Amino acid sequence: MRTFLLPIQKIDQKMKLKKTTQLRQLISSNQLEFIMEAHDGLSAKIVEETGFKGIWGSGLAISASLGVRDNNEASWTQVLDVIEFMSDATSIPILLDGDTGYGNFNNMRRLVKKLCQKGAGGVCIEDKIFPKTNSFLRGDRQPLADIDEFSGKIKAGKDSQLDDDFVIVARVEAFIAGWGLKAALERAEAYRLAGADAILIHSKLANSSEIFSFLKEWDNRSPIVLVPTKYYATPTNDFRQHNVSLVIWANHLIRGKITKMQEVAKQIHTDENLLSVEDMIVPVKEIFRLQDDQEIAEAEKRYLSQQAKNPLKALILAASRGKALGHLTGDIPKTMLKIGKKSILERIVSQLNEHEIKDITVIAGYKAEAITLPNLNKVVNDQYDTTGQLVSLSKAVDHLDQSTLIIFGDILFKKYILQFAIDDPADVVVIVDSKIDLESTIPSDYLTATEPDRQSYFSEESYVEHMTLTTPDKNHAGEFIGVMKLSPEAGRLTSEFIQQHQLEPGFGSMDIRDLINHLIQQQIKVKIQYISGNWVDINRISDLTLANEF
Ligand code: SPV
Ligand code: MG
């Protein structure tokens, strides 16, 4: 039988109960449970990863974080948008502080449906009049809802829930408005009979006397929820002993956040620099962790195109002076010589940019400080005068972990040439000019190949057999122009080669052709992309004329 393995994240989600069911279990378990206030996706996430089993979507905290008052100034849909972000960011249930239900029974019906759709676990509504005022403000003057009207609202909510386990908590404000125990009990009982899954009995006293007098009379008729913001000195065990089901820590993250924000803002304002706050706050990478950036990195591996997943980098070998160019390279390396209005290096870089290659590292040497182009990484081979290209390349081995173009810093070439290297999926690709001048007496990187350039679309693929620094002869299939591409695997072999050989005496004089010959010896196929002209390398003053014509 086949088994289908699910990615870990999916298993986690599958194993977790529905949020409504989780919340129902919190109010009906026979132990005291706790939920913690959150007011946005981030704080909700922090609540969950701290270990809380549920979230209080506090009206006070959400309105405060939106910069408005706890008087229904934020519309109910604006609150719902926040709840949606909170719910998406977490896997534990949210009990929304739904104030008065944002209107009458009909508004309550729509609210409950929408909360079910958006993945909340339940809603708590209080028996006040819309628009409400926070219970700790002018409490005595706050009018309470008519008991029947409020009971109808609870019934309407229960009748509209799309999920059997959705929780409706009825909050009794009788103590807040100064009506005393009898009124509180009368209301709580009416709401229980109307179908409320739990009763939140609220108090603004600094001690829990009202609450405990209520609990005594209530006698476990239904689950009880408390918000001990004002009577915070009451030992939690006392709630346990009174069979309280759920305690809400109602506003402590927003208060903690305000403390810290005021402290940090003041410090930066005073200091006019960031030195002293750096140790007071989380590093930016903690934000990325909380945003679960890691997940995107993994998803990219699965979903992005090869090119986007493994973007090309470029290394430009530009350490040499170009002595043959005399005074022209007195103050600058050859790569910075101007051909027309732009230096050779600028031209190479802008070609790379046109191919969307932005991660470019120049390996400088002679007059390295003269290389000042923006957006380039620069590493320096100090021994540029006595060493070859592989010593230069060794300065950038840690760049070879991705597909990499290696380009000599003293060549100019037509745009399509880079495209040939980019498009070829082979592990190692070299660009080879098959148009060679057999009369030339100038040594360069000539090579023999498995197939000559037949200049036909249907030609066999051709691979380098051997590359030598020599003058050309008829056995040569062409000249390596100084553009090659390495796959990550070829990059890894190149790094290994460099690491193994860099302490040996001969390493200092090795060039790219020695690397290519080594890769061939290791049975790595070095694929040729043939071109015919359309490039120049600049070695002598006479090359400058050619380059200018080019
Ligand atoms: C809230 O957190 O918004 C509440 C609790 O409703 S209280 O502020 O105590 O009224
Ligand atoms: Mg509230």
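Guide: Welcome! Before we start, a word on names: helices (H or I, at least four residues) and strands (E, at least two) are DSSP runs, numbered from the N terminus. Please keep in mind that this is a predicted model.

Visitor: Where is Asp-219 found?

Guide: Asp-219 sits in the loop between α9 and β7, where β7 covers 224-226.

Visitor: Why is Asp-219 called exposed?

Guide: Exposed means over 50% relative accessible area. Asp-219 has 56% relative accessibility, so it counts as exposed.

Visitor: What makes the phi of Asp-219 worth a remark?

Guide: Most residues other than glycine have a negative phi. Asp-219 is not a glycine, yet its phi is positive, about 55°. Glu-356 is another residue other than glycine with a positive phi, near 65°. Glu-356 belongs to the loop between α15 (344-354) and β12 (359-364).

Visitor: How do you know that Glu-356 is exposed?

Guide: The relative accessible area of Glu-356 is 60%. The cut-off for exposed is over 50%, so Glu-356 is exposed.

Visitor: Why is Ser-213 called partly exposed?

Guide: Buried means under 20%, exposed means over 50%, and partly exposed is in between. Ser-213 has a relative accessible area of 29%, so it is partly exposed. This residue lies in helix α9.

Visitor: Which domains is the protein divided into?

Guide: There are domain 1 (19-258) and domain 2 (313-549). Their C-alpha centres lie 69 Å apart.

Visitor: Which residues of α7 and α8 meet?

Guide: From α7 come Ile-147, Phe-150, Ser-151, Ile-154 and Lys-155, and from α8 come Glu-186, Arg-187, Ala-190, Tyr-191 and Ala-194. By class, the contact of α7 with α8 has six nonpolar residues, one polar and three charged.

Visitor: Which residues of α8 and α9 meet?

Guide: Leu-181, Ala-184, Leu-185, Ala-188, Glu-189 and Arg-192 of α8 meet Ser-213, Phe-214, Glu-217 and Trp-218 of α9. This contact of α8 with α9 holds six nonpolar, one polar and three charged residues.

Visitor: Why is α18 called roughly perpendicular to α19?

Guide: Helix α18 (residues 488-501) and helix α19 (residues 512-521) pack at about 110°, with axes 11 Å apart. The range for roughly perpendicular is 65 to 115 degrees, so α18 is roughly perpendicular to α19. The crossing of these helices is right-handed. In the contact, Leu-493, Thr-494 and Phe-497 belong to α18, while Leu-515, His-518 and Leu-519 belong to α19. Four of the contact residues of α18 with α19 are nonpolar, two are polar and none is charged.

Visitor: How do you know that α2 is largely enclosed by the rest of the structure?

Guide: Helix α2 (residues 19-28) has 10 residues, and seven of them are buried, so the helix is largely enclosed. The buried ones are Lys-19, Thr-20, Thr-21, Gln-22, Leu-23, Leu-26 and Ile-27.

Visitor: What makes Ala-324 exposed?

Guide: Its relative accessible area is 51%. Exposed means over 50%, so Ala-324 is exposed. Ala-324 lies in the loop between β9 (313-318) and β10 (338-339).

Visitor: Which residues does Ala-324 touch, not counting those up to four places away in sequence?

Guide: They are Asn-539, Arg-540 and Ile-541. The C-alpha atoms of Ala-324 and Arg-540 are separated by 5.5 Å, although the residues are 216 residues apart along the chain.

Terms used. Residues numbered from 1 in each chain as written. Chains lettered and ligands numbered in written order. Predicted model: local features only at pLDDT ≥ 70, side-chain atom pairs only at ≥ 80, totals over all residues. Heavy atoms only, no water. Contact = heavy atoms within 4.5 Å. Nonpolar A, V, L, I, M, F, W, Y, C, P; charged D, E, K, R; others polar. Domains from an automatic or database assignment. Buried < 20%, exposed > 50% of the residue type's maximum accessible area, 1.4 Å probe, protein only. Axes fitted to C-alpha atoms, helices over the stretch in contact; angles between N-to-C directions. Parallel < 35°, antiparallel > 145°, perpendicular 65-115°, else oblique. Left-handed = near helix turned anticlockwise from the far one by under 90°.
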